[in-house]
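Below is a brief report on packing, surface and charge pairing in one protein model. Have the sequence and coordinates at hand while reading.

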Amino acid sequence: MADASDPAADQNPKDAGTGVPEPLAGSNGETAEEEYEYEEVDEDELDGPAAAAVEREKVQSVLRRLSSDPVEIRVHDVIIKGNAKTKEHLIEAEAADILRAATTVQDLLRAASEASARLRGLDVFDAVNITLDAGPPELPGTTNVVIEVVEAASPMTGNAGVYSKPEARSWSLEGALKLKNLAGYADIWDASVAYGWDQTSEVGVGVSVPRFKSIPTPLMARASLMSQDWLKFSSYKERLLGLSLGLVSTRNHDLSYNLAWRTLTDPSQSASQSIRRQLGHNLLSALKYTYKIDHRDSHLRPTRGYAFHSASQVGGLWDNKGLKFFRQEFDVRAAVPFGFYNAALNFGLGAGVILPLGRGFLDSATPVTDRFNLGGHSSPVCSMGGISSLLGFRTRGVGPTEPRRLVPGDSDSAAAPGRDYLGGDLAVSAFADLSFDLPLKVFRDAGIHGHAFLTAGNIAKLSEGNYKNFSLDEFRRSFRSTAGVGIILPTKLFRVEVNYCYILKQSEHDSGKTGIQFSFSSPH
């Protein structure tokens, strides 16, 4: 019996063990004895070492054949063991088809590796072992594939932690609880809660099923209640009660439907005129399609490869005033190694546009909550998925602004009412990041490395008739930019950066500052 669940088995047949199904038959079903002749020896007459030597020679002959030429084989049966709770047809749907499609031993080893990865990816098994056994004696050149799974000892898992968000000067307490495989469909039920001091709080429950009956794509449903505080930046608080349904989910494609009841309020009573016009209740009904590929060798420190992300969203599928829009964004990344000090250049370009829909859309407003914003301290290398952050600038610290309303009787407001950042309908961002090892061995062993970076970006408002004043030359000339150097401390969960940022260019009302900044980023 040969263990084929090792991913390396498809590269070196020796890794598959010594039990490749015997006899190995050619296309005519006859044993290929003409290639490997053995001296007829009565093994009963051999002592232990001599018998072992003969057995080793037989095994080496089989391995030489596997390494030199394709060996035809046919899967006779797929046997599943250990699934006390998990539905057998689910395991067959994930693994059996690709195993039965193999026509050579080499293809079968590769298929077994892929099937093992798929089953482990369901996240409901502690172990997956796939072995190849000899088929029925009357059917030479066949094999039985045995899939043995070990279901999770405990169906419940959980985690909790406290996380810092330096760019918002806030902390959050987050926790999650998961129940796995309750119905036997590899279903995962989860509940999560996040409480952020002075900014964001969220409670959510959801369920995901990789396959259900004859539906070939994963299904997902999630309900959530979220509250976000943007008073410091844009003079409003957002509360969102929503339901999200995952319609299609594959390796590269995702299609989801979102229905949410959104409420915007201004407890300070000082919001600018543009923000006040959008306060109140709205029902958001949106369809979102995402296409993504990522061939980089790492998400935390890429040294080679490329990635692409595209997201398209249509809002206002039901006739809701003010929430009918089309939103599109692109993100392209690449990493090029230099061959010394583990140095690599990462660069990326992101762009996005949001446009209102409906009659008179050129003079309509886009939802302030769905516009693009620049700023923040998150690493642009890790934040894959759209417009990258602009280091050196405060969260929502770039772009169109509007003076806040003076509050009668408030002396501080009368002196300096401040401005609301409104976001933009058109956004472009770019970055270049050169990472390299530090000379000290203790740093290299810990993965601590340095980097030098350059970030740039700009946003503009097009809705409410502002497209008439838009100039491509002016948009290009008014790009904000930052340069800097820093030290990166990677961990298994996130990337910590200590950066010195120097503002190269900013506009009058931007909130940028030269100096030391800290960043905690998780890969997306």
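Which strands each supply at least two residues of the nonpolar patch?

## Nonpolar surface patch

The model is predicted. Strand 20 (480-490), strand 21 (495-505) and strand 22 (515-521) are the strands that each give at least two residues to the patch. Strand 21 provides the largest share, with four residues. The patch covers about 970 Å².

Its members include Val-485, Ile-487 and Leu-489. Leu-489 sits in strand 20. With a relative accessible area of 34%, Leu-489 is partly exposed. Patch residues need over 30% relative accessible area, so Leu-489 clears that cut-off at 34%.

## Nonpolar cores

In soluble globular proteins, nonpolar side chains tend to be buried together. The largest nonpolar core here has 29 residues. Leu-99, Leu-108, Leu-119, Phe-125, Val-145 and Ile-147 touch the most other members. Two or more residues come from each of strand 2 (74-81), helix 2 (88-100), helix 3 (105-121), strand 3 (125-134) and strand 4 (142-151). Helix 3 gives the largest share of this core, seven residues.

What does Val-145 touch, leaving aside residues up to four places away in sequence? Its contacts are Val-75, Asp-77, Val-78, Ile-79, Leu-99, Leu-108, Ile-130, Thr-131 and Leu-132. A second, separate core has 14 residues. Phe-372, Ile-387, Phe-393 and Ile-459 are among them.

## Salt bridges

Side chains of opposite charge can pair when their charged atoms come close. The whole structure contains 17 salt bridges. One of them joins Lys-292 to Asp-254, with the closest N and O atoms 2.4 Å apart. This pair links distant parts of the chain, 38 residues apart. Lys-292 belongs to strand 12 (residues 280-294) and Asp-254 to strand 11 (residues 253-265). Are these two buried or partly exposed? Lys-292 is partly exposed at 31% relative accessibility, and Asp-254 is partly exposed at 22%.

Arg-404 and Asp-420 form another salt bridge, at 2.6 Å from N to O. Arg-404 lies in the loop between strand 16 (401-403) and helix 6 (411-415), and Asp-420 lies in strand 17 (residues 419-421), so the bridge ties together parts 16 residues apart in sequence. Arg-404 is buried, at 18% relative accessible area. Asp-420 is buried too, at 0%.

Asp-510 and Arg-480 also meet in a salt bridge, 2.6 Å from N to O. Asp-510 is in the loop between strand 21 and strand 22, and Arg-480 is in strand 20, so this pair ties together parts 30 residues apart in sequence. Asp-510 is buried, with 10% relative accessible area. Arg-480 is buried at 6%. Elsewhere, Glu-238, Arg-262 and Asp-370 are linked in a network of salt bridges.

## Cysteines

A disulfide is a covalent bond between the sulfur atoms of two cysteines. How many disulfides does the model contain? With a cut-off of 2.5 Å between cysteine sulfur atoms, the count is zero.

Are Cys-382 and Cys-501 buried or exposed? Cys-382 is buried, with a relative accessible area of 2%. Cys-501 is buried as well, at 0% relative accessibility.

Terms used. Residues numbered from 1 in each chain as written. Predicted model: local features only at pLDDT ≥ 70, side-chain atom pairs only at ≥ 80, totals over all residues. Heavy atoms only, no water. Buried < 20%, exposed > 50% of the residue type's maximum accessible area, 1.4 Å probe, protein only. Patch = residues over 30% accessible without salt bridge, like charges linked within 9 Å, V, L, I, M, F, W, Y side chains within 5 Å. Areas by Shrake-Rupley, 256 points an atom, 1.4 Å probe, with all protein chains shown as cover. Salt bridge = Lys/Arg side-chain N within 4 Å of Asp/Glu carboxyl O. Core = buried A, V, L, I, M, F, W, Y, C linked by side-chain atoms within 4.5 Å. Contact = heavy atoms within 4.5 Å.
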